[in-house]
Amino acid sequence: MTEHLPVLIIAVPLLAAFVLPIVRILGVIPRDIFVFSVFIAVNVMLMSLIPDICIYNKTLHYVLGAASPSTLTPEGLAFPIRIVLKIDGFSLLMAVFSAIVGLVGFLYSHKFVPEDGRKNYYVILLLLMLVGMIGLEFTNDLFNFFVFLEILSISCAALVAFRTNQKHPPYAGYKYLLVSSLATSFFLLGVGLCYAQYGSFNMDYINRMLNHSLLDRVALVFMIIPLAMKAGAVPMHMWVADTYSEAPAPVTAMLVTASQASLYGVFRLSFTLFGNSTANISINYHTLGWIIIILGVLSMFIGVTMALVQHDVKRLMAFHSVSQTGYMLLGVGVGIAVYAGHDGGAAFHQYGKLAMTGGIFHIINNSMYKGLLFLTAGVMVRRFGTANLDRMIGMAHRDVFTTIAFIVGALAIAGIPPFSGFASKLIIFESVYHFNPFLSVIAMFVSVLTLASFLKVFYGAFLGPERKDLLVDNNPLPHGMTAGMGIMCLFILIMGIAPEAVIKYLIDPAIAGLVKIL
Amino acid sequence: MDFLNRFIAQNTGILWYPSLLLGILIILVIVLTVWGRLFFRRDYNKNSPQVKPFNSGNLEEIDYNIASSNLFWGFRKALESYYAVMISSHSGDLNDYLKWLAISIAICFLLIAGGLL
C-alpha cells in the first residue's frame, strides 16, 4: 500500500472531485465531512513520506502502469517510457505546504462561501486545484507537468471568477485564464523542442542526454519565463493584483501556493532539467542566476512600492505577494549564479547554498503568512462589505482574534522576530551580502517598506473608534474561519521559534533534491 | 544539548536564539503585568470620556480620523514621477501585460540563447 502513496496522493482528491456530485445527494454535511476527510487523508499521506525522504534522504519513484511501480525502465529499455512520479525533498516540501493551505482554505470556506447551490462546484474546483499543485510538484514528466499546470490554471481561473453575481470577478477570472493559457502555450512549445531532440518527456533522461544546443537554450527560455510570469515576477506581474483582489479570500490564500507551484517549476527546470554541474555546459549559470536575481530585485522593489500606495486591502496584499516572490527569486538566484562556477563549488558552499536555504525557506513561510493575511482580509471585507481601507475602522474592538492574526501575519511578512519571516529573511540578507552587499541593502529597505504598508492597513482597518454603522456583517466569525487563521498562526510561530529544525528536516533535504554538488 | 541546538539558527552566522528571546519576552510581559496590577492607576473607567481620543479639543473624534489613503502622502509625493509611470503601466489592459511577457522572452533570448552574456 505504501509504495502506491505517490499516486494515491494525486488520485484520491482527483477521484473525490468527480464523486462529489453523487455525495452531495446525501446532503451538505456528508459532503463536507467527505471533502474534509479527503484533505486530511492527503495531508496524512504526505506527512507519512517525510521520514523516508527528509530524514533518510531517499527519492521515491513511481512508474504509472508498470508491473512494479519502482522499476524505472520496466521493459529493459535504456530509457523510461511511462509517466514517472518522482518525490524528492523539494517536491515533498512544496506538496506538504500546498496541502496544508488547501486544508486551511477548505476550513475557512466552510461558512464563508454560502450554500447557494453552487458551492458544490466551488469544492470540486478546490480539490482540482490541489490536484494541479501536487501533480506538477510530483511529476518527473514534462508533458505531465504541462497537464497539471493546465488543471491548476483552469481551476484557479474558475475560482477567481466564482462570484459571478459581482461585476469584477468574471473579468479577473478571464484575465487569469488568458494569461495562464498564453504562459502554458509557450511552456508547451519548450516541451516540444525538448521532445523533438530527445524523444522523451522524462526530465532525468533529458538531463542525462542534454547537449546544451541552441534549441535547448531556446526551450529553457520558453519554459522558464512563462513560469516566472505565473509566479508573478516583475515585469510580468500586473495580472497578480487584478486577480488576487477579486478572488474569494480562501481562494486567494490558495492562489499564493499555486503561484509558488510555478516558482517550483522555475527552480526544478533550472536545476533538475537543465542543471549539470559536471558537464562542460554552454548554458551560463552565472547569466541565468543574474537574470533571476534582477527579476527578484525588481519584484521586491516594484511590488512593495506599489503596495504602499494602494487603498484596496486585497490589492495591497497582492502587490506584497509580488514583493515576497522577489525575495525567493533573489535567494535562489544567488544560489544559481554561483552554482557550477569555476571555483569548484567553493562559493556555492560558502554562501550559495545558504542563499538557496533562505529562498526556499521563504517560499514556505510566504505560503503561511501571506495566506493568513489574505484570510484576515476576507474578514475585513466580510465586516465592512468593501475592500477600501478608507471605509474601514476600529475592527480591533470587534474582532480580537482577527486582529491578533493580522498582527502575527504582518510582523512575519515584515521580518520581525520571533515570527517565521525573520528567520528566512535573515538568512537571505546574510548570504546575499557575501554575493553582493548592495542587493542585501535593497532587500532590507524593502522589508522596512513592507512594515510601513502593513502599518497602514493596521491603522486603517483595526485602530480608531468602533463604528457599528459601517458594519454590514456583525455576526460572530464561524469556527472554520477562526480555525483556518489559527492553524496559519501556529505554523508561523513554530517556524519562527525553531527555524533550525525546519531547515534541518525540511529545507536541507529540499536543496539536496535540487542540487547535485552538495 | 542536541535538542537545544535545534532551536538555534546556526546557519546565519550570527547569534539568533528565538526560544531565548521568546522566554525573555514572556518574562517581561509577566513582570509588566504584575507591575501594572500593583502600581498602575486604578481609576480607569471604560465608559467615561477618558478613553476617547483627544483631537486638539474637538469632541467629534470620528470626523478627524486620518484616512488610510492619506498615510505616507509625503513618500508618494516625493516619488510622484515614479508612481506616474508605475500606475499607468498597471493599466488593467491585458495587451499591456502580455507585451511584457513578449519583451521578457525576447531579452532572455538575447542573453541566454543569443550568448550576449
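Biologist: What is the volume of the largest pocket?

Modeller: This is a predicted model, and in it the largest pocket has a volume of about 600 Å³.

Biologist: Which residues lie nearest its centre, and how many line the largest pocket?

Modeller: The lining of the largest pocket holds 29 residues. Nearest the centre are A:F112, A:R163, A:Q166, A:P248 and A:V381.

Biologist: Which helix gives the most to that lining?

Modeller: Helix α13 of chain A, residues 346-384, gives the most, with four residues.

Biologist: And how do the lining residues of that pocket divide into nonpolar, polar and charged?

Modeller: There are 12 nonpolar, eight polar and nine charged residues in the lining of the largest pocket.

Biologist: Cavities next. How many of 30 Å³ or more does the structure hold?

Modeller: Six. The largest cavity has a volume of about 80 Å³. It is lined by 13 residues, and the closest to its centre are A:A231, A:Y244, A:S259, A:S321 and A:T325.

Biologist: Which helices each supply at least two residues of that lining?

Modeller: In chain A, α9 (238-244), α10 (249-273) and α12 (313-338) each do. By class, the lining of the largest cavity has seven nonpolar and six polar residues, with no charged ones.

Biologist: Let's move to A:S91. Where is it, and is it buried or exposed?

Modeller: A:S91 is in helix α3 of chain A, residues 89-112. It counts as buried because its relative accessibility is 0%.

Biologist: What is A:S91 in contact with, leaving aside neighbours within four places in sequence?

Modeller: With those neighbours left aside, A:S91 is in contact with A:K86, A:E137, A:F138, A:Y264 and A:R268.

Biologist: Now chain B. How many helices and strands are there?

Modeller: Chain B has five helices and zero strands. Of its 117 residues, 21% are buried.

Biologist: Why does B:Y97 count as buried?

Modeller: B:Y97 counts as buried because its relative accessibility is 2%, and the cut-off for buried is under 20%. B:Y97 lies in helix α5 of chain B, residues 94-113.

Biologist: What is B:Y97 in contact with, sequence neighbours within four places aside?

Modeller: In chain A, B:Y97 is in contact with A:K175, A:M229, A:M238, A:W239 and A:D242. In chain B the contacts are B:S89, B:H90, B:S91 and B:G92.

Biologist: What about A:H237, which is in contact with B:H90? Where does A:H237 lie?

Modeller: A:H237 lies in the loop between α8 (214-231) and α9 of chain A. At 3% relative accessibility, A:H237 counts as buried. Besides B:H90, and leaving aside neighbours within four places in sequence, A:H237 is in contact with A:G232, A:I302, A:F319 and A:V322.

Biologist: Which residue does a cis peptide bond join to A:P235?

Modeller: A:V234, with omega about 5 degrees. A:P235 lies in the loop between α8 and α9 of chain A. A cis peptide bond also joins A:P417 and A:P418, with omega about 5 degrees. A:P418 is in the loop between α15 (400-413) and α16 (420-435) of chain A.

Biologist: What is phi of B:F72, and where does B:F72 lie?

Modeller: Phi of B:F72 is positive, near 60 degrees. B:F72 lies in the loop between α2 (18-39) and α3 (73-78) of chain B. At 31% relative accessibility, B:F72 counts as partly exposed.

Biologist: Last topic, α2 and α19 of chain A. At what angle do their axes cross?

Modeller: The axes of α2 (residues 28-55) and α19 (residues 499-514) cross at roughly 65 degrees and come within 9 Å. The crossing is left-handed.

Biologist: Which residues meet there?

Modeller: A:I53, A:C54 and A:I55 in α2(A) meet A:Y505, A:L506 and A:P509 in α19(A). The residues of this contact divide into six nonpolar, no polar and no charged.

Note on methods:
Residues are numbered from 1 along each chain as its sequence is written. Chains are lettered from A and ligands numbered from 1 in the order in which they are written. This is a predicted model: local features need pLDDT of at least 70, side-chain atom pairs count only at pLDDT 80 or more; totals for chains, interfaces and linings use all residues. Side-chain values use heavy atoms; hydrogens and water are left out. On a 1 Å grid over the protein atoms alone, a cavity is a set of points where a 1.4 Å probe fits but cannot get out, and a pocket is an open set with protein on both sides within 12 Å along at least five of seven lines; lining residues have an atom within 4 Å of a point. Grid points are joined across faces, edges and corners, and a volume is the space filled by probe spheres set on the points. Ala, Val, Leu, Ile, Met, Phe, Trp, Tyr, Cys and Pro count as nonpolar, Asp, Glu, Lys and Arg as charged, and the others, Gly among them, as polar. Axes are lines fitted to C-alpha atoms, for helices over the stretch in contact, and angles run from 0 to 180 degrees between N-to-C directions. A crossing is left-handed if the near helix is turned anticlockwise from the far one by less than a right angle, and right-handed if clockwise. Contact means heavy atoms within 4.5 Å. Buried means under 20% relative accessible area, exposed over 50%, partly exposed in between (1.4 Å probe, protein chains only).
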